[in-house]
Amino acid sequence: MGYVAVKGGNEAIERACRLFAHERTKGTSPPLGVEQIKEQLYLAADRVMGEGSLYAPDLAALAIKQSAGDTFEAAFMLRAFRATQQRLGYSLPSSTEKMRVVRRISSAFKDIPGGQILGATSDYTLRLLDFDLLKDDAARRRAFREQIFSSLPADAEIPETFPKVIRILRREGLLEETLSAAHPEERAFDITRQPLTFPASRSAKLQALARGETGGMLALAYSSMRGYGDIHPTLGELRIGYLPLTVPHPATGEPYVAGEVKVTEAEVLARMQGSDGMPRFSLGYGICFGQNEIKAISMAILDRCTRTEKPNCPAEDPEFVLYHIDGIEAMGFCNHWKLPHYVDFLSDLDRLRKAQEMARAGKQQERRRC
């Protein structure tokens with residue numbers, strides 16, 4: 001459950017809300033448009049959509065503006081809005097091999113079927129401030145675009161689909177199949193309609209991970225990578241692109257492509273002993289809305305970590321991971337300490353004073369005996 005503000009001191013609360021809005025608008029710069037946020041801060045909007053569990057770029061940008069850039073608050077707003085919307089139906093399963101890929105890399109193989117596509121990334125840039133952006137204007141952008149598009153090859157062809165890299169390992173029998181692949185669930189668990197219980201089904205676990213908070217998931221995955229767990233994986237494939245959203249046609253029931261959803265998908269490989277005693281690679285899977293590579297990789301690592309038969313660290317305990325990665329839950333609990341705790345604290349204060357009195361009395365008795 002999420003925590004929200006309590007009532008009390010209504011006038012003061014209303015003034016505090018107005019003052020917050022004033023802080024966002026008191027400067028002399030032009031108002032920040034939703035389109036600007038969606039186009040120029042698209043990674044922030046993608047992150048908010050993923051953690052808010054609603055694919056809505058315009059609303060994510062609006063939430064970022066309203067929250068003055070606080071991604072926790074923005075994700076909270078988006079998820080709250082989502083809860084008010086009518087459920088029209090479920091989309092049909094879709095293979096990510098049909099993804100319209102804009103970026104695809106593998107650190108397991110140099111040469112992969114279809115080739116590596118670096119796409120738009122900051123991976124190869126120096127983490128130095130670009131002071132030229134201080135003079136960013138329309139003329140500079142136009143010149144930059146002309147420079148980029150003038151050097152593109154005229155006859156470049158991009159395949160419509162890309163095979164999965166892990167097929168190479170699967171063909172040679174080097175990949176352990178997951179239990180869910182051998183025994184698929186009859187119906188996917190819906191964590192927005194049913195309370196999460198343990199042991200959690202794979203569909204429930206992947207849903208909870210998919211809307212987890214990026215930083216929290218990274219911290220847990222990092223703890224395993226650094227040696228507090230046994231999973232130190234290799235990135236089999238990371239792909240970013242647009243996945244067709246297929247739904248049953250309301251009139252005919254036939255599959256109908258209603259649009260596209262931008263997603264990031266990661267598959268990581270880790271060594272394991274197979275159920276038949278044969279050493280194989282095991283697969284960890286991650287997918288999330290938008291372009292959020294850190295989250296997708298962290299999700300894949302945590303998916304693999306939480307399938308460990310004998311957990312020996314927090315990142316391998318499914319209950320610990322799934323109960324602590326939701327940023328909205330965690331933010332709500334942290335924020336609730338700002339609410340009045342007068343009665344609780346006075347009770348603690350009273351007990352502390354009595355405990356000190358008893359301690360002093362005990363010391364005085366010891367001195368008298370001496």
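Helix 10 and helix 11 cross in a left-handed way. I'm looking at a predicted model here, so I keep that in mind as I go through these entries.

**Entry 1: the helix pair.** I wanted numbers for this crossing, since two packed helices are described by the angle between their axes and the distance between the axes. Helix 10 covers residues 214–228, and its axis comes within 9 Å of the axis of helix 11, with a crossing angle of roughly 50°.

Next I listed who does the touching. From helix 10 I noted Thr214, Met217, Leu218, Leu220, Ala221, Ser224 and Met225. From helix 11 I noted Ile294, Lys295, Ser298, Met299, Ile301, Leu302 and Cys305. Sorted by type, the contact residues of this pair come out as 10 nonpolar, 3 polar and 1 charged.

**Entry 2: Asp303.** Staying on helix 11, which runs over residues 293–305, I went to Asp303. Is Asp303 buried or exposed? It is buried, as its relative accessible area is 0%, and the cut-off for buried is under 20%.

Which side chains does the Asp303 side chain pair with in polar contacts? One is Arg202, at 2.7 Å. Another is Arg307, at 3.1 Å. Leaving aside residues up to four places away in sequence, I found Asp303 touching Arg202, Lys205, Leu206, Leu209, Leu283, Gly284 and Tyr285.

Entry 3: Most residues other than glycine have a negative phi, and most peptide bonds are trans. I went looking for exceptions.

The peptide bond from Phe198 to Pro199 is cis, and I read its omega as near 5°. Pro199 sits in the loop between helix 8 (179–182) and helix 9 (202–210).

Ser53 has a positive phi, near 55°. I placed Ser53 in the loop that joins helix 3 (42–52) and helix 4 (57–66). Ser53 is also buried, because its relative accessible area is 15%.

Ala68 has a positive phi too, near 60°. I found Ala68 in the loop between helix 4 and helix 5 (71–83).

Methods:
Residues are numbered from 1 along each chain as its sequence is written. This is a predicted model: local features need pLDDT of at least 70, side-chain atom pairs count only at pLDDT 80 or more; totals for chains, interfaces and linings use all residues. Side-chain values use heavy atoms; hydrogens and water are left out. Helices (H or I, at least four residues) and strands (E, at least two) are DSSP runs, numbered from the N terminus. Buried means under 20% relative accessible area, exposed over 50%, partly exposed in between (1.4 Å probe, protein chains only). A polar contact is a pair of N or O atoms within 3.5 Å; within protein, one must be able to donate a hydrogen and the other to accept it, and residues adjacent in sequence count only if both atoms are side-chain atoms. Contact means heavy atoms within 4.5 Å. Axes are lines fitted to C-alpha atoms, for helices over the stretch in contact, and angles run from 0 to 180 degrees between N-to-C directions. A crossing is left-handed if the near helix is turned anticlockwise from the far one by less than a right angle, and right-handed if clockwise. Ala, Val, Leu, Ile, Met, Phe, Trp, Tyr, Cys and Pro count as nonpolar, Asp, Glu, Lys and Arg as charged, and the others, Gly among them, as polar.
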